[in-house]
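Reader: Hi! Could you walk me through this one with me?

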Amino acid sequence: MRVLGIETSCDETACAVVTDAADPSRRILSHSLFSQMREHAPYGGVVPEIASRAHIEHLDGLVAEALAEAGLELADLDAIAATAGPGLIGGVMVGLMTAKALAYASGKPLIAVNHLEGHALSVRISDDVPFPYLLLLVSGGHCQFLIVEGVGRYQRLGTTIDDAAGEAFDKTAKLLGLGYPGGPAIERIAKQGDAARFSLPLPLKGKPGCDFSFSGLKTAVRLALESCGPSPSERDKADLAASFQQTVMAVILDRARNAIALFDAAHGAAGKHFVVAGGVAANATLRAGLVDLAADHGMRFTAPPMKLCTDNGAMIAWAGLERFRLGMIDDLEAPARARWPL
Ligand code: KG4
Ligand code: ZN
């Protein structure tokens, strides 16, 4: 079985072909990606109109590249999958309409994939992680805990009530003048910083449930920066980055404890997998904290390789493949959706 997947919901134009080989290392037949990071960097964040135009410019070429790299023609595919939401609607429309055109022209079935389902199942490309598992999805657009019970069967335990964790990293980086994307920049300078210097509030810490809130933290960072005077030094910035990062980690670990308790009550946590996905999963401090937390609860920690953690085409192709195997296909009327909770 071979499925083409298209991802255009944010600032990565991506396309991949996957197959259901028994050996996980052979499942990705090709993987093409154009990162628009440079287009958006001058604005300190993703500009929707620029993103849509860049998807239009690059997608056709990436589809051709992904097919060529896999040594396949359109006619060799079993299905064509694309992100149908949630995301920036212009971009989603570019990807979904392209997939519809390819499906119509080739007579192959279309699978309209929820981007979050793509992230939720991505760990199963590289690892045969069994259902059910607990997923922490932390990216620039999302911050939530899900129990992944099966394909199309998700229980959301908590989500952010304002900003996503990656967004908080990006906004803090912007305040500190570090450029976009902010996560890697903060992590880099935080290494030289003193995390104990600034005491920042821990939003929702100790509260029941596993929702997140990060917007208050952003305000606290701004006030802390202002307290350093009109021209903060490199040391001030490094200390603030370290304090911010440690605070985000403390909040995530606090929420994760509650999520594990809920998962444990539903399915028994011991021996099950705790999975983390999304761009923020690249953060070494967060990973280390989660590895320890999972071990404390007898859970197995798994994260997809980094190229599958951030937005990519393979996760959409794979979610399409898992759906296709179960007969879950869509018709050409499938709508593009800006909002689409799992
Ligand atoms: O999953 P992703 O590529 O795109 C979305 O779906 O949002 O995640 C991008 C986000 C950005 O906010 C970026 O700042 C954050 O992931 N990020 C990080 C790190 N690397 C990327 N955040 C913290 N530490 C990192 N090392
Ligand atoms: Zn994403």
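Author: Happy to. This is a predicted model. Let's begin with helix H10: what covers its buried residues includes helix H9 (234-267), strand E9 (273-277) and strand E10 (300-302).

Reader: Nice. Which residues of H10 are buried?

Author: Leu286, Leu290 and Ala294. They sit on the same side of H10, because they cover an arc of only 60 degrees around the axis.

Reader: Why would that spacing line up?

Author: An α-helix has 3.6 residues a turn, so residues three or four places apart point the same way.

Reader: And which residues are exposed on the other side of H10?

Author: There you find Ala284, Ala288, Asp292, Ala295 and Asp296.

Reader: What follows H10?

Author: Gly298, with a positive phi near 70 degrees.

Reader: Switching topic: which residues touch the most other members in the largest nonpolar core?

Author: That core has 112 residues, and those with the most contacts to other members are Val18, Ala81, Leu134, Leu135, Leu146, Ala165 and Ala317. H9 is the biggest giver to this core, with twelve residues.

Reader: Which domains does the core draw on?

Author: At least three residues come from each of domain 1 (2-126 + 307-325) and domain 2 (133-303).

Reader: Last one: what does Leu135 touch?

Author: Leaving aside residues up to four places away in sequence, Leu135 touches Ala120, Phe145, Leu146, Val148, Val275 and Ala277.

Notes: Residues numbered from 1 in each chain as written. Chains lettered and ligands numbered in written order. Predicted model: local features only at pLDDT ≥ 70, side-chain atom pairs only at ≥ 80, totals over all residues. Buried ≥ 20, exposed ≤ 12 C-beta atoms within 10 Å, placed from the backbone. Helix = DSSP H or I, 4+ residues; strand = E, 2+ residues; numbered from the N terminus. Arc of directions from axis to C-beta. Contact = placed C-beta atoms within 7 Å. Core = buried A, V, L, I, M, F, W, Y, C linked by C-beta atoms within 7 Å. Domains from an automatic or database assignment.
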